[in-house]
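Please open the structure in your viewer and keep the selection tool at hand. We will go from stop to stop, each time selecting a few residues and then looking at what surrounds them.

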Amino acid sequence: MSSQKAAANRKERIEKLKRAFAYNVFYQQGVTARNASLNDFYLAVSHTLRDRMQHLFINSVEALLAKDSKIVCYLSAEFLMGPHLHNNLVNLGLYDEFEQAAKETGLDLKEIIDHEEEPGLGNGGLGRLAACYLDSLASLQIPAIGYGIRYEYGMFDQEIVNGWQKEFSDRWLHPGNPWEIKKADRACDVGFGGHTEIYHDENSKRHSRWIPARVITGIPYDTPVPGYKVNNVNLLRLWSAEAHSSFDFEDFNTGDYYGAVENKIQAETISKVLYPNDEQFQGKQLRLEQQFFFVSCSLQDMIKIHLHRYDSLDNLADGFAAQMNDTHPSIAVPELMRLLIDVHFYNWKAAWEITRNTLCYTNHTLLPEAIEKWQIDLFGSLLPRHLEIIYEINKRFLDDVRLKYPGDGDRLSRMSIIDESGPRYVRMANLACIGSKAINGVAAMHTDLLRRHVLADWNSMYPGKIRNVTNGVTPRRWIAVSNPRLTRLITEAIGEKWLTRLDELQKLETLADDSAFQDAWQKVKKNNKQDVANLILHGTEQVIDPDAMFDVQVKRIHEYKRQHLNILHIITLYNRLKANPALDVPPRLFVFGGKAAPGYHMAKLMIKLITSVAQLVNSDPDIQGRIKIFFIPNYNVKIGHIVYPMTDLSEQISQAGMEASGTGNMKFSMNGALTIGTLDGANVEIREEVGAENFFLFGLNVDEVRQLRINGYHPMDYYNYNSKLKQVIDLIASGHFSNGDRELFRPLVDSLLHHDQYTLFADYQSYIDCQDAVGRTYQDRKNWTRMSILNTARMGKFSSDRSIMDYSTKIWDVKPFPVELKWERLPKDGVLFSRPKRKKEVKR
């Protein structure tokens, strides 16, 4: 095609987009351009893009129903998708044309993109990983459905008031969600409570029947997830809870107005909020209800799809691979058994074979308190039939353990699904391990620790069942969307293949010492930093030097992630500068971000310490702006878009052996940040890939931490023998950062002095020494830039595309299934799908 013809075609497409904008403003939003709000324009532009994605989506659904495709079902309590508009524009290759159409219409596409409310469907790494995997599944053309909950309110919006975290409702759906499509005809019923009974069929065969006390309806909402420049669009199906009957006229007419809508209120509570506070019994019950609700709906939906494609469920494991993202969905094991045995009349042996070959389990934690278990009384009152099935699974499993390890009572106790060491609990991780085809860790070190410690019994019982799939992140969102300047620079240097083959970044290594490329690299980083400085300081009189080192720690606030170790270093540096204003250290902007769980007081106190130190240091004239500290409230994906590109130093400083993997570490390195970190999670593999000389390592390793505990760890000894550490702790305890209030930070100080569960004091001096090395290295800007380029160049392993290919070959046994465009528009007969007749299912 000639360039003139291509230009004419592009102009025609842009004119169509402009007409579509106007159409959607007028007909979808019901306003004229003159009185339309920014939200109206956002919705109109989003509907315009969704319309252009719809034929891909319909063709992908058609392919999903094809018999020769195996579908991945990703079961996750969280999907932290991030804003859709920008990402979808990039993946569909339509950003430039939409930007031009918006410009000619008098709109600012960037302003419209920034306006989008972030979907409140996740908390942190677990949900963001699920979102990256959906992107990669679509980009690799692997048919997939993400199953979760359509939370009406996200976890919470965080504001910092007087230095303290305050939680407010996350009303993410309030402005309207143009991406989802309600599918009321695909509704599923889910029971709770009640009792079970035995009955016999016409052949005198014995069966169990669950009679629930109440039934909730799950309504699916479908969101398309497009792959990068392919025809495949996968499906995110989220379930919203509704009452069977939402209004009782009899109650209303007798004056019981609350009773008239009581069922509606109770039902909708299930999908009301992400992660309710479970300190109280009601919170624990609601969490279990949420988990069972979305798992049951999802499994019922899978079965419906499968019976649309095949005559029976015998080959369910050939049609689906269902991945349980952590223990939240592990109730899938007894629920799939119940559906197969009680509803579709399979015998136990056949049902167990199907279940174990269909389900797979990802373990995401090494923390004992994060491995879920439920009180027997609570579990049995909500799910009586499932508890019966669990008891039977456990009985049969323990018989196998006895045969393999005769006389080993301790092993039986450890491996039992039922914890009987005190009050009786259902151990969900044990249930997931027994009922899955495969178990996987999420980083090489994490998987090794699972095999050697956390799941050692399972590794012995089932050699080879525990496999490693190191996490990854999608470069489409985390470079192309979030860092367009770097994207342009890399693409100009090595072409654009790297966005789907991240190992192509290796070609940048030859440019690491090129002075012109280094200058361009530095310019990108400086401009990104200036953008953020302008954003942070908007409306203030403060100044940030974009040449300062941007030292960043953004992640969930938790003691094991050791944000307070970072603060100890800042106070140490502050003390040095107060004592010696001529100290030769580069200026630093320290940036923190992250949310503390509402009931986690110590994490909230850590936020208060950060903001209190910031208040004093930022206003101290002796420091002369050489240290600045900012806490960015309400950290989320949108903020991540600007934080990762600006960062010079990434703080990955959790205690060794605590972090399963981490993915923020990967996003930082992809964007050219250097890492200071321990040998924890994926840090180990990042260091191996980028080179030890391009990674700032400090602290005890896993075995050293373990040995320290065995020998007896006494944090007070470190406090007494290290004068710098003592000075820092005493300064905090004295009330220096709390207006003389010695009690404010006492719980934090006492915890460190007398317990120090995560060995901050043991790692303190190593961390300080390493930070000094960081400062010296940063002053050699040419060498720092070289290290930055090499970090990006060597991150190919950490694409979520590689992770999904590992899952596909090691666990799921799935292959790409490219979508052919059979339907460009609605056919004349209006029929998109023919529904094949099925044979009547035979009872087994």
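Predicted model: local features only at pLDDT ≥ 70, side-chain atom pairs only at ≥ 80, totals over all residues.

Residues are numbered from 1 along each chain as its sequence is written, and side-chain values use heavy atoms, with hydrogens and water left out.

**Stop one: a nonpolar patch**

Select Tyr 23, Phe 26 and Tyr 27, which together make a nonpolar surface patch of about 390 Å². A patch consists of residues with over 30% relative accessible area and no salt bridge, where like charges are joined within 9 Å and nonpolar side chains (Val, Leu, Ile, Met, Phe, Trp, Tyr) within 5 Å; the areas come from the Shrake-Rupley method with a 1.4 Å probe, and for residues only the protein chains shown count as cover. Tyr 23 is found in helix α1, residues 3-28, where a helix is a DSSP run of H or I with at least four residues and a strand is a run of E with at least two, both numbered from the N terminus.

**Stop two: a negative patch**

Next select Asp 96, Glu 99, Asp 108 and Glu 111, which form a negative surface patch. Glu 111 is found in helix α5, residues 109-115, and its relative accessibility of 43% makes it partly exposed, since buried means under 20% relative accessible area, exposed over 50% and partly exposed in between, with a 1.4 Å probe and protein chains only.

**Stop three: an arginine without a salt bridge**

Now move to Arg 309, found in helix α10, residues 281-309. Which side chain of opposite charge is nearest to Arg 309? The answer is Asp 68, 6.3 Å away, and Arg 309 is buried yet has no salt bridge; a salt bridge is a side-chain nitrogen of Lys or Arg within 4 Å of a carboxyl oxygen of Asp or Glu. Leaving aside neighbours within four places in sequence, Arg 309 is in contact (heavy atoms within 4.5 Å) with residues including Leu 64, Lys 67, Ile 71 and Phe 320.

**Stop four: salt bridges**

By this rule the count comes to 47 salt bridges. Select Asp 342 and Arg 385, which form one of them, with their closest N and O atoms 2.7 Å apart. Asp 342 lies in helix α12 (residues 332-343) and Arg 385 in helix α15 (residues 384-404), so the pair ties together parts that are 43 residues apart in sequence. Both Asp 342 and Arg 385 are buried.

Glu 388 is partly exposed at 34% relative accessibility, while Arg 385 is buried at 8%.

For another salt bridge, select Asp 457 and Arg 414, whose closest N and O atoms are 2.7 Å apart. This pair links distant parts of the chain, with Asp 457 in helix α19 (residues 456-461) and Arg 414 in helix α16 (residues 409-415), 43 residues apart. Asp 457 counts as buried at 14% relative accessibility, and Arg 414 is partly exposed at 42%.

**Stop five: a buried loop residue**

Select Asn 471, in the loop between β17 (466-468) and α20 (475-481), and notice that Asn 471 is buried at 4% relative accessibility. Asn 471 and Leu 129 are 342 residues apart in sequence but 7.6 Å apart in space, C-alpha to C-alpha. Not counting residues up to four places away in sequence, Asn 471 touches Leu 129, Tyr 133 and Phe 798, among others.

**Stop six: around α31**

Finally, select helix α31 (residues 746-754), in which Leu 748, Val 749, Ser 751, Leu 752 and Leu 753 are buried. The cover over these residues includes α29, α30 (723-733) and α32 (760-779). Tyr 719, in helix α29 (residues 715-721), is buried at 11%, and its contacts beyond four places in sequence include Leu 753 and Phe 761.

How values were computed
Lys, Arg positive; Asp, Glu negative; His and termini not counted. Charge placed at Lys NZ, Arg CZ, Asp CG, Glu CD.
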